[in-house]
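Let's take a walk through this model, one piece at a time. Have the sequence and the coordinates open side by side, and follow along.

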Amino acid sequence: MTALTYRSPKTDVRPSPIHGAGLFAKQPIARDDIVAVKGGHVLTAAQWANLEPALGPAEIQISESLVIAPVDQTERDASMLYTNHSCDPNLAIQGQIVLVAMRDIAPGEELTIDWATTDDGDYEMECRCGSPRCRRTVTGKDWTKRELQERYRGWFCWFLQRKIDGTRPA
Ligand SMILES: [Zn+2]
């Protein structure tokens, strides 16, 4: 099936020391380069809650109550970003679906995103990203932490930035 998600030809998917399969730079990637664009269906959070037990994490949150996600296993493979979480990432979302490089990235580096910049949820996960900045426990509410709001100023996805700016209730 046609890929639902775009991944830059400068990347490839390989086994990751962080988790499962990861996305890696196979050529130099410059700051602000578009690395990937998430595709899928626009679903309500309730629709996704019914699918997630079977499909696992494969969605991207685009508002408080909407996600972009696959609806079956075939689509899951076609919509994966393969970007693992890191507490010291090199990618961030600009807007809602476009992942860009936060800095220049060398060939061989794993391409990661801090879920604090993309997620507003109720989960808690033990982190093994291996970075000196590792928070050990990552939660779906990390975006509310002041120090992360400072560090990632300008790098939050649109709906979280709107909440941080206070134009929507947290
Ligand atoms: Zn970590």
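Start with Tyr82, which is found in the loop between α2 (73-79) and β8; helices here are DSSP runs of H or I with at least four residues, strands are runs of E with at least two, and both are numbered from the N terminus. This is a predicted model, where local features need pLDDT of at least 70 and side-chain atom pairs count only at pLDDT 80 or more, while totals for chains, interfaces and linings use all residues. Residues are numbered from 1 along each chain as its sequence is written, and side-chain values use heavy atoms, with hydrogens and water left out.

What makes Tyr82 worth a look is its positive phi of about 65°, although it is not a glycine. For context, most residues other than glycine have a negative phi. Tyr82 counts as partly exposed because its relative accessibility is 22%; buried means under 20% relative accessible area, exposed means over 50%, and partly exposed is in between, with a 1.4 Å probe and protein chains only. Asp32 also has a positive phi, near 80°. You'll find Asp32 in the loop between β3 (21-25) and β4 (34-37), and at 45% relative accessibility it counts as partly exposed.

Now for the metal. Which residues hold the zinc ion? The protein donors are Cys87, Cys127, Cys129 and Cys134, each through SG, at 2.3 to 2.4 Å from the zinc ion. Donors are N, O and S atoms within 2.8 Å of the metal (3.2 Å for Na, K and Ca), and since water is not among the atoms, sites may look incomplete. The four donor atoms subtend angles of 103 to 116°, so the arrangement is tetrahedral; for four donors, that label asks that all angles lie between 85 and 135 degrees. Along the chain, the donors follow the spacing C-x39-C-x1-C-x4-C. Cys87 is buried at 0% relative accessible area, and Cys134 counts as buried at 11%.

Next, look at the open sheet of three strands, ordered β5-β7-β6 with antiparallel pairing; two strands pair if DSSP finds at least two bridges between them. β5 (41-44) and β6 (60-63) stand at the edges with a single partner strand each, so one side of each has no neighbour in the sheet. Four bridges join β5 to β7, and three join β6 to β7 (residues 66-69). In β7, Val67 has Leu43 opposite it and also Gln61, while Ile68 is the bridge partner of Ile60. β6 and β7 form a hairpin with two residues between them.

Finish with the aromatics: a search of the whole structure finds two pairs. Rings of Phe, Tyr and Trp (its six-membered ring) pair if their centres lie within 6.5 Å; planes under 30 degrees apart count as stacked, over 60 as edge-to-face and the rest as tilted. Trp115 and Tyr123 have ring centres 6.1 Å apart and planes at 85°, so they are edge-to-face. Tyr152 and Phe156 are edge-to-face too, because their planes are at 90°, with centres 6.2 Å apart. Trp115 is partly exposed at 24%, whereas Tyr152 is buried at 2%.

Methods:
Four donors count as tetrahedral if all angles lie between 85 and 135 degrees; four count as square planar and six as octahedral if opposite donors are over 155 degrees apart and all others between 65 and 115; anything else is irregular.
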